[in-house]
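Q: I would like a close look at one part of this model, followed by an account of what surrounds it. Please keep it plain.

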Amino acid sequence: MKLKLALFAAALTGAMGMGAPALAADAGHAEVHKQSWSFAGAFGHYDRGQLQRGFKVFREVCANCHSANLLAFRNLAEPGGPQFSEAQAKELAAQYKVKELSDKTGDVEERPARLSDRWPAPFANDIKAREAMGGSLPPDMSVLAKARTYHRPFPLFLIDALPGFSYQEHGVDYIVALLNGYKDEPPAGQKLDAGQSWNDIMPGNRIGMAKPLADGQVDYTDGTPATADQYAKDVAAFMMWLAEPKLEDRKRTGFRVVIFLAVLAGLLYATKRRIWAKIPH
Amino acid sequence: MSGPSQYVPKNALARWLEARLPIIGFTYDSFVAYPTPKNLNYWWTFGAILSFMLIAQILTGVVLAMHYTGHTSMAFNSVEHIMRDVNWGWMIRYLHANGASMFFLAVYIHMARGLYYGSYKAPREVLWILGVVIFLLMMATAFMGYVLPWGQMSFWGATVITNLFSAIPLVGDAITIWLWGGYSVDNPTLNRFFSLHYLLPFMIAAVVALHVWALHVVGQNNPAGVDIKDVEKDSVPFTPHATMKDMVGVAVFFILFAWFAFFVPNYLGHSDNYIEANPLVTPAHIVPEWYFLPFYAILRAIPSKLGGVIFMFASIAILVVLPWLDTSRVRSAVYRPIYKIFFWLFIVTVIGLGYLGSQPPEGGAVIAARILTAWYFIHFIVVMPLLGLFEKTKPVPASINDAVLAKNGGERVAAAAPAQ
């Protein structure tokens, strides 16, 4: 009880901003740059090839430590995503094992995954994950692209909402910058703890994830350059889809809705003018 | 307005029903024959826009509640289940989340219109106070709704706001524990917030009914700020005139709504709310939704917790007594040259407070927030009473018809010239 109240007092102090400046002052050594994304803007859509490459990076690199608990194998074959064929997705699923309570024996048994199964997590729980990762917990990647952002000063943050200038890709831009933001050595006078790396983008600059991507690490078969920078972009795009799998449907539907409403508003306005034509107002 | 019904039943069934429950006549008098000042501008369509927003929020909310799970271990993922697996779930959820913002945007414009044209002045005090009650209910509903996705901002926002009650002397801690249903924001808190979040919109609907009733007793204010004197000359029947104008306003407003919900659905949200609630990790900055920021700035501007809470609640409560603080005999700012300046100064003050509410309270931001907070209250307590006594107002038209003639007279001459 005492502890809880103390915790809330700390939270309130945090809210009042008294605890925050230390963090805020450290960040911002390097800048996040806007990337050019196929899925940006009112008519944006994912680049299938990029999502498939991003999935490859995710599968071969990220998924060794990060979970993606909301991803089901069936999603990989659904419209608006990487759009692997159903046969490919089935074959992929069969390479993974999931645990299930058997209704015959009552024991937890392993079986090959099916399309309806979720992506198996690399660790049984957070405690196991921390133990394996030297104390750091790799966050679940399901909605990570929407859970990250960076500071957009006035007046840029206002422009970000406007049609024609709309900007919703803060998270993926941050992720690309973070993946490219590693330094081999911390700046002079800065010390790192065991298991930490220096990152110019990470708030506080100390990150528990070792530099994950290097040139040539993942084989690309479509001629795309196999560079760390390209991996970062592709995996960020994949993470955007993972976080926002209905993005294409949303933007397509939105376009129809806006056109419908614009025509409706026009017709209503013409009717209104006619009704009011003879009344001075 | 009140008086014997103008409705004449046209068939036997309608006559039969009208003799037993005059609901058709009531609807006819209220929304068809109801005399509407003919000089209303588009700022008056926000009442209809708000009605549609309330309906939209209730409809989308009822569907969301069918798929949402109110438990700390499942709430976050159940929202993602809606986003991913429920048919059109992403659309319903984004419409609901952005609908809350659009609801507040519309209500702030509606309130600003009331302030500008003096719509709170006699005989519309009760109408105005009912509006303040709706606003308070909206704030409670929105706050509790924001907790339901059980993200980091949900949890820490709930923690900060419920903690405000602990500032009450003597009984504060007891009240806070009672609100939580435990010793911290936890599953009982989430469950009661879900329950209340479902209940309050229907209470809003009930107070909206009273608000509309009061409106139909005293009649609508209008840009001229003079009452209807001659129904023939000053007013038009609500339907089709006001109905159709309202529909234009609603359709245009819904384009804005659709833009946010379909193209920038997370712009008005906070990225931290896509991280599941974690009582052990405090976000770097805890900020409320944009529509609470001016009040949040007032809360933080006062260097004492209890003082901040008092001033924050007072900033809304003061609206209740506004009809008596404003001593001017003229309603509309159109004829109040000095008040017009102070009105815009007040709008800038509130927007400024909103910006400061989003910033970490350090250095100059604290001083600016204190100055603006002081001005917020000075505007109501000092400016409004004194202006009424000292302001030289412009001559007010004798009737709505006169106001329209004066306005159109100038325009018509200008428009007629090229045609000849």
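This is a predicted model: local features need pLDDT of at least 70, side-chain atom pairs count only at pLDDT 80 or more; totals for chains, interfaces and linings use all residues.

A: The cut-off for a disulfide is a pair of cysteine sulfur atoms within 2.5 Å. A:Cys62 is buried, with a relative accessible area of 14%, whereas A:Cys65 counts as partly exposed at 27%. Over all chains, the structure holds zero disulfides.

Chain A has ten helices and five strands. Of its 281 residues, 41% count as buried. Among the contacts in chain A with a separation of 6 or more, 61% are between residues 24 or more positions apart.

Salt bridges come next. A search of the whole structure finds 23 of them over all chains. One of these joins the side chains of A:Glu86 and A:Lys90, at 3.6 Å from N to O. Both residues belong to helix H4 (residues 86–94) of chain A, where they are four residues apart, about one turn of the helix. A:Glu86 is partly exposed at 49% relative accessibility, and A:Lys90 is partly exposed at 48%.

In chain B, the side chains of B:Asp326 and B:Lys121 meet in a salt bridge with an N to O distance of 3.4 Å. B:Asp326 sits in the loop between helix H13 (305–325) and helix H14 (337–358) of chain B, and B:Lys121 in the loop between helix H5 (89–116) and helix H6 (125–147) of chain B, so this pair ties together parts that are 205 residues apart in sequence. B:Asp326 is buried, with a relative accessible area of 5%, and B:Lys121 is buried as well, at 7%.

A further salt bridge in chain B links B:Arg124 with B:Asp227, the closest N and O atoms being 3.1 Å apart. B:Arg124 lies in the loop between H5 and H6 of chain B, while B:Asp227 lies in the loop between helix H9 (187–218) and helix H10 (231–234) of chain B, so the pair ties together parts that are 103 residues apart in sequence. B:Arg124 is buried, with a relative accessible area of 2%, whereas B:Asp227 is partly exposed at 30%.

Salt bridges that share partners also form one network, made up of A:Arg74, A:Glu78, A:Arg118 and B:Asp85. Within this group, the side chains of A:Arg118 and B:Asp85 meet at 3.4 Å, N to O. The rule finds two salt bridges across the interface of chain A and chain B. It also finds 14 residue pairs in polar contact across that interface, with both residues at pLDDT 80 or more.

On the side of chain A that touches chain B, at least two residues each come from helix H1 (2–15), helix H2 (21–26), helix H6 (144–147), helix H7 (156–159), helix H9 (228–243) and helix H10 (247–276) of chain A. H10(A) supplies the largest share, 18 residues. By type, the residues of this side divide into 37 nonpolar, eleven polar and twelve charged. In total, 60 residues of chain A are in contact with 62 residues of chain B. The two chains, A and B, bury about 5,300 Å² between them, and 71% of that is on carbon and sulfur atoms.

One more loop of chain B remains. B:Asn39 lies in the loop between strand E1 (35–37) and helix H3 (46–67) of chain B. B:Asn39 is buried, with a relative accessible area of 12%. Apart from neighbours within four places in sequence, B:Asn39 is in contact with B:Asn222, B:Pro223, B:Ala224, B:Ile400 and B:Val404. B:Asn39 and B:Ser235 are 196 residues apart in sequence, while their C-alpha atoms are 8.2 Å apart in space.

Note on methods
Residues are numbered from 1 along each chain as its sequence is written. Chains are lettered from A and ligands numbered from 1 in the order in which they are written. Side-chain values use heavy atoms; hydrogens and water are left out. Contact means heavy atoms within 4.5 Å. Buried area is the accessible area (1.4 Å probe) that two parts lose on being put together, summed over both. A salt bridge is a side-chain nitrogen of Lys or Arg within 4 Å of a carboxyl oxygen of Asp or Glu. A polar contact is a pair of N or O atoms within 3.5 Å; within protein, one must be able to donate a hydrogen and the other to accept it, and residues adjacent in sequence count only if both atoms are side-chain atoms. Ala, Val, Leu, Ile, Met, Phe, Trp, Tyr, Cys and Pro count as nonpolar, Asp, Glu, Lys and Arg as charged, and the others, Gly among them, as polar. Buried means under 20% relative accessible area, exposed over 50%, partly exposed in between (1.4 Å probe, protein chains only).
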